[in-house]
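Reader: I am new to this structure and would like to go through it with you. Could you show it first?

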Amino acid sequence: MPLPWKRALAAVAVIGVTAMATGCVESGRTVHPDAVQAVPECPVEPDPSIDTTARIAWQAIPNGDLVVKDLQMLETCMPNAEISWSKFDSGGDVVQAFGAGSVDIGLVGSSPAVRAVSPPLDIDLRIVWLQDVIGAAESLIVRDDSITSIDGLEGKKVAVPFGSTAHYSLLSALREAGIDDTVELINLSPDKMLAAWQRGEIDAAWVWDPTLSELQSTGSVILTSADTAQNGYPTFDMSAATTGFVDQNPEFMAMWTTVQDAAARRLADGEDAAIESVSVQLGLAPDVVRKQTEGLEYLDAREQAAPDYFGGALGEVLEDTSGFLVDAGETDGAAPPETYLQMPYPDAIEEVAAR
């Protein structure tokens, strides 16, 4: 069993969701790639010398990546770079894209990232940014309102996207309760859960919005990722990139980190324009998005450069997560410890934090 301080950063979520429109904004923008976007922005002086070609994997999660995408911050800050965005529905899908060599940088959590660098995949990745710290944004919801604690799940069927932070949180909670061998886990992506729930095929699910909110109309939340964090199992959303891309494009990574830092600060401040950007990309009303962001914590570059994150502990946590994946049967074994210890890429974060 890992020590709590080593588990403090384990299992970073990067599982995408399919957003469903529940409202609109007055900006005239939509999620369609050819639609009219917001006025492009760059928080610093643009650098036309950067001509990198970057293929970015994004997911419908309310974090700074959506602000960067919506405001075309990368394209504006690096006008001669070739930036392309591709949407993915899960961290597992992003890992497959990394393995196929079809993306350079994208959202993928510690569980999928550690699985990616472990046997048999052995993909060479670096962790380049923590998009957010997850709280109540991911929760365990049950159909039967007579179940008020996780102990009531004995003998039940619980849906969760395997390899995700939700999976990690669920397994952690089940093991803490001593019932992990009595619950049937079903691997379902968020967009498949609603139908399974309506057909009565599952009794509970650990998931995030918008699916979480949809299930709440007929279910009850009994545990959140904030609760499991208090027990030593917090979770995060983060971005990864291939080692080759990072090594060959340090200037791009510095600018990429600069705009991510700006977006994180705006979301942390609850800025209306940042909320609107996320709402446009998710197809949700701003008030719905603001509620979702309240279940997440956004860290800027200075905070991420601290010892608990890229300043030291993150590599040990990723190594620790490999043990969880081996126990869960998600990998064929662990890679050498240095594989995980070297995953964090602190250079660009430290550069931005020092400004």
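Reader: At what angle do helix α12 and helix α13 pack?
Author: Helix α12 (residues 272-282) and helix α13 (residues 286-293) pack at an angle of about 105 degrees, and their axes are 9 Å apart. That makes α12 roughly perpendicular to α13, a term for angles of 65 to 115 degrees (under 35 is roughly parallel, over 145 roughly antiparallel and the rest oblique). Axes are lines fitted to C-alpha atoms, for helices over the stretch in contact, and angles run from 0 to 180 degrees between N-to-C directions. Helices (H or I, at least four residues) and strands (E, at least two) are DSSP runs, numbered from the N terminus.

Reader: Which residues in α12 and α13 meet?
Author: Asp272, Ile275, Val278, Ser279 and Leu282 of α12 meet Pro286, Val289, Arg290, Gln292 and Thr293 of α13, where contact means heavy atoms within 4.5 Å.

Reader: Before we go on, where does the model come from?
Author: This is a predicted model, in which local features need pLDDT of at least 70 and side-chain atom pairs count only at pLDDT 80 or more, while totals for chains, interfaces and linings use all residues. Residues are numbered from 1 along each chain as its sequence is written, and side-chain values use heavy atoms, with hydrogens and water left out.

Reader: Now the sheet, please. What is the order of the 5 strands?
Author: The order is β8-β7-β9-β6-β10, in an open sheet with mixed pairing. Two strands pair if DSSP finds at least two bridges between them. β8 (184-187) and β10 (220-224) stand at the edges with a single partner strand each, so one side of each has no neighbour in the sheet. From one strand to the next, the twist averages 30 degrees.

Reader: How many bridges join β6 to β9?
Author: Strand β6 (residues 138-142) is joined to β9 by 5 bridges, and the two run antiparallel; Val142 has Ala204 as its bridge partner in β9. Strand β7 (residues 157-160) pairs with β9 in the parallel sense over 2 bridges, with Ala159 opposite Ala205. β6 also pairs with β10, in the antiparallel sense over 4 bridges, and there Ile141 stands opposite Val221.

Reader: Are the faces of β9 covered or uncovered?
Author: Both faces are covered: Ala204, Trp206 and Trp208 on one side and Ala205 and Val207 on the other are buried. Buried means under 20% relative accessible area, exposed over 50% and partly exposed in between (1.4 Å probe, protein chains only).

Reader: Which strands does helix α6 lie across?
Author: Helix α6 (residues 165-177) lies across β6, β7, β8, β9 and β10, at about 135 degrees to β9. Helix α7 (residues 190-198) also packs on the sheet and touches β6, β7 and β9.

Reader: A change of topic: how many aromatic pairs are there?
Author: The structure holds 2 aromatic pairs. Rings of Phe, Tyr and Trp (its six-membered ring) pair if their centres lie within 6.5 Å; planes under 30 degrees apart count as stacked, over 60 as edge-to-face and the rest as tilted. Phe236 and Tyr309 have ring centres 6.2 Å apart and planes at 85 degrees, so that pair is edge-to-face. Both Phe236 and Tyr309 are buried. For Phe245 and Phe252, the centres are 5.4 Å apart and the planes at 80 degrees, so this pair is edge-to-face.

Reader: And which peptide bond involving Pro210 is cis?
Author: The bond joining Asp209 and Pro210 is cis, with omega about 5 degrees. Pro210 lies in the loop between β9 and α8 (211-216).
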